[in-house]
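Open the structure in your viewer and keep the selection tool at hand. We will go stop by stop.

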Amino acid sequence: MHPRERIPYSAIDNRKPLKLPDGLRLIVWPVLALEEWDMARPMARMVITPPQGQPMLPDHPNWSWHEYGMRVGFWRIKRMLDGLKINPTVTLNARVARPIRPSPKPAPTPAGN
Amino acid sequence: MHKLDDQKAVIDKSVAIISKFWGKPPRGWFGPGLTQTFDTLDHLSAAGIEYIGDWVLDDEPVTLKTTHKPVVALPYNFELHDIVMMALQNHPSDQMYRRVMDQFECLYVESAERPKIMAVAMHCYLSGMPHRINHVRRAFEEVLSRPGVAAWDGVKILDWYKGQMT
């Protein structure tokens with residue numbers, strides 16, 4: 001379906017304002033992404049490009065960069081969010097939820113929140 | 001999503017894996033790279049998904065028609081987003097702080113007239129780096145210290161919006 005079939009155009013200033021509870025006026029929505037990249041395929045993002053600019057598989061350097069995020073970066077972000085008493089939305093590849101690694105303890109609140 | 005042979009099967013499998021891991025089904029969906037085809041929303045709705053973050057077309061939640069139940073697009077954005085800012089635009093480490101504050105100051109003024117929602121997207125391999133984390137932290141600290149500002153997750157925003165629609 002084309003997006004226009006899913007939702008008609010609507011100018012925000014012509015709508016009746018929604019109302020937040022408890023005197024709130026602005027909601028911050030933190031979204032934290034957990035990713036597991038497939039070594040058999042090109043990496044989703046590249047922090048470093050290979051010499052001569054030719055993509056190569058397996059892409060160890062960029063795979064290890066994302067793995068650092070899961071081994072270290074995630075826990076650093078979790079400490080920050082816990083310290084701020086923020087419960088984020090956690091988005092994840094379903095691959096993250098498969099038992100391919102020891103389950104992190106304490107486990108984060110997963111997907112869809 | 002464009003390269004999948006059987007999009008519906010992959011969506012159903014992803015939802016099943018996450019449901020088993022979490023103990024209850026996920027209510028929201030962010031596509032890989034925020035991608036969708038013309039049919040994706042219909043498959044998501046059929047799989048029980050109630051909201052998406054892939055459409056950044058408004059400051060407020062909006063309801064999208066599907067071939068099944070309607071799906072809500074929550075106001076995510078691609079601007080306060082570490083992949084866009086750091087991996088694609090190659091900004092310095094403090095750009096997250098500066099851009100969050102600039103975005104916030106505009107939205108905060110406008111929120112006197114109508115509620116505003118400000119999403120901030122983080123990835124472990126970017127925002128979780130030592131040279132970035134404190135800029136992310138002080139951005140959250142400063143915006144959450146202002147009167148009338150709170151941090152909610154997607155489901156809380158969704159349930160509030162659904163309550164507003166009834």
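Here is the tour, one selection at a time.

**Before you start.** This is a predicted model, in which local features need pLDDT of at least 70, side-chain atom pairs count only at pLDDT 80 or more, and totals for chains, interfaces and linings use all residues. Residues are numbered from 1 along each chain as its sequence is written, while chains are lettered from A and ligands numbered from 1 in the order in which they are written. The pLDDT is the predictor's confidence in each residue, from 0 to 100. Chain B has a mean pLDDT of 96, with 100% of its residues at 70 or more. For the complex, the predictor gives an ipTM of 0.97 and a pTM of 0.93.

**Stop 1: strands of chain A.** Select residues 26-34 of chain A, which are strand 1. Strands (E, at least two residues) and helices (H or I, at least four) are DSSP runs, numbered from the N terminus. Find Leu32(A): its bridge partner in strand 2 is Val90(A).

Buried means 20 or more other C-beta atoms within 10 Å of the residue's own, exposed means 12 or fewer, and partly exposed lies in between; C-beta atoms are placed from the backbone.

**Stop 2: across to chain B.** Select strand 5 of chain B, residues 116-123. Strand 1 of chain A runs parallel to strand 5 of chain B, joined by 8 bridges. Pro30(A) has Val120(B) as its bridge partner there.

**Stop 3: helix 2 of chain A.** Select residues 60-83. Centre on Val72(A) to see a kink of about 45 degrees. The bend is the angle between axes fitted to the seven residues ending at a residue and the seven starting there.

Next, colour the buried residues of the helix, including Trp65(A), Gly69(A) and Phe74(A). Their cover includes strand 1 of chain A together with strand 5 of chain B. Finish at Lys85(A), just after the helix, with a positive phi of about 55 degrees.

Technical notes: Pairing = 2+ DSSP bridges. Expected span 1.5 Å × (residues − 1). Contact = placed C-beta atoms within 7 Å.
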